[in-house]
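Okay, thanks for coming, everyone. Let me put the model up on the screen and we'll walk through it together.

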2 protein chains.
Amino acid sequence: MANALDFYFEFSSPYGYFAATQVEDLAHEAGLAINWHPILLGPIFKVSGSAPLTEIPVKGAYALRDFARTAHLFDIPFSQPDQFPIGTVAAARAAIWARQHHPDRLPTLIKALYKGYFADGRNIGDADTVLDIAAGQGLDRQKAAAGIADEDVKNRLKEEVAQAMERGVFGSPFIIIDGEPFWGFDRFPHIRRWLQARQAA
Amino acid sequence: MANALDFYFEFSSPYGYFAATQVEDLAHEAGLAINWHPILLGPIFKVSGSAPLTEIPVKGAYALRDFARTAHLFDIPFSQPDQFPIGTVAAARAAIWARQHHPDRLPTLIKALYKGYFADGRNIGDADTVLDIAAGQGLDRQKAAAGIADEDVKNRLKEEVAQAMERGVFGSPFIIIDGEPFWGFDRFPHIRRWLQARQAA
């Protein structure tokens, strides 16, 4: 059995944010490490013919309501960003860079970026805001700036997205454990039941 | 506060089936009655530009897996129907007819139709199968046959679908309590949290 779960997330995804606040508890309960995979849904939606939730007719208004309600019901700080969705290339690259060079700070950086965007009204579509948040987490701002401009980091993000698609990832959050795929923050209870059933087997 | 919840469901929806097996417990816990609303997603998807889950690229394979896994994790008998999705006009009309003429038998009829299709391999897209199942629930087969051919029943189903769309229903299952909309079997835990928070307020 795997000793880690794969956590795929897009920084512009509210359910990805909600999941990021709780995935460590989930992994801890199950004795699993977390492989953090920042991805971009833009190129994935192009292939799957999907679109950001709030842009889908009829569903859009419900989605906005469900974001806020879910946050409230699970006690997660949340304020619907004025700019939504946003491009998250800089944020995703910063996470890729941190994963490579400061893995110990990766989870806090990811959570700080998400919270900045979804709770504190900071537009992480802007690279400077991303770097400010990284610096706020004790990372070197200049090195982070060089990191998100680095060709190797850019390529690693592209590979991350390509690999996600190969593994059938089509949304955020997306968790894979031992090849078993779970899509959505609302699958956390399913993951817990599934892990228990597996343990009992 | 409302003393009933509105439960919208399409007979070809696996998550509608799962919800139908559990909505009575949910309502009972909250001291609510259930208004059962059979609807057809076909005309709703036309407006919202949506499609049956299994026909959506990439998501389709995941959806099939999630149907079976969800059933397993929640201990609900399930076997993916060979014919899926199906037209459910006859089943929905039978439910509309029963709601009007045999309201005491409505929940068992709905659950029997769903179980017939999603657990017992019976194609409820076929009107004869619908009538067989109705008869199996103690309803008069001939009267049920006349019911699903009745103009008034047909019109009531059309109105049901039109009203559902007016209320923002775009999928199945869809539950509305005091104007608060919840889409999906996976929102049952949210409904429970929401009801508790409301009671505490």
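So, a question to start: does B:Ala127 count as buried, partly exposed or exposed? At 30% relative accessibility, B:Ala127 counts as partly exposed; buried means under 20% relative accessible area, exposed over 50%, and partly exposed in between, with a 1.4 Å probe and protein chains only.

Quick housekeeping before I go on. This is a predicted model, so local features need pLDDT of at least 70 and side-chain atom pairs count only at pLDDT 80 or more, while totals for chains, interfaces and linings use all residues. Residues are numbered from 1 along each chain as its sequence is written, chains are lettered from A and ligands numbered from 1 in the order in which they are written, and side-chain values use heavy atoms, with hydrogens and water left out.

Back to B:Ala127. You'll find B:Ala127 in helix 6 of chain B, residues 127-136. Helices here are DSSP runs of H or I with at least four residues, strands are runs of E with at least two, and both are numbered from the N terminus. Leaving aside residues up to four places away in sequence, B:Ala127 touches B:Ala90 and B:Ile148, where contact means heavy atoms within 4.5 Å. B:Arg187 is 60 residues from B:Ala127 in sequence and 32 Å away in space, C-alpha to C-alpha.

Next, the sheet in chain B. Four strands make an open sheet in the order 2-1-3-4, with mixed pairing; two strands pair if DSSP finds at least two bridges between them. At the edges sit strand 2 (33-38) and strand 4 (180-183), each pairing on one side only. From one strand to the next, the twist averages 20 degrees. Strand 3 (174-177) and strand 4 of chain B are antiparallel partners over 4 bridges, and B:Ile176 has B:Pro181 as its bridge partner in strand 4.

Now for the helices on that sheet. Helix 9 of chain B, residues 188-200, packs on the sheet and touches strand 3 and strand 4, with its direction about 5 degrees from that of strand 3. Helix 1 (14-30) of chain B lies across strands 1, 2 and 3, at about 170 degrees to strand 1. Axes are lines fitted to C-alpha atoms, for helices over the stretch in contact, and angles run from 0 to 180 degrees between N-to-C directions.

How do helix 1 and helix 5 (106-118) of chain B meet? Their axes come within 10 Å and cross at roughly 140 degrees. That makes helix 1 oblique to helix 5 in chain B, as angles under 35 degrees count as roughly parallel, over 145 as roughly antiparallel, 65 to 115 as roughly perpendicular and the rest as oblique. Among the residues in that contact are B:Tyr17 and B:Glu24 from helix 1, and B:Lys111 and B:Tyr114 from helix 5.

Over to chain A. Here too, 4 strands form an open sheet with the order 2-1-3-4 and mixed pairing. Strand 1 (4-9) and strand 3 (174-177) of chain A run antiparallel, joined by 3 bridges, and A:Tyr8 stands opposite A:Phe174.

Last stop, helix 4 of chain A, residues 89-101. At 1.5 Å a residue its 13 residues should span 18 Å, and the end C-alpha atoms are 18 Å apart, which agrees; the expected span is 1.5 Å times one less than the number of residues. Its buried residues include A:Ile96 and A:Trp97, and the buried set packs against strand 2 and helices 5, 6, 7 and 8 of chain A.
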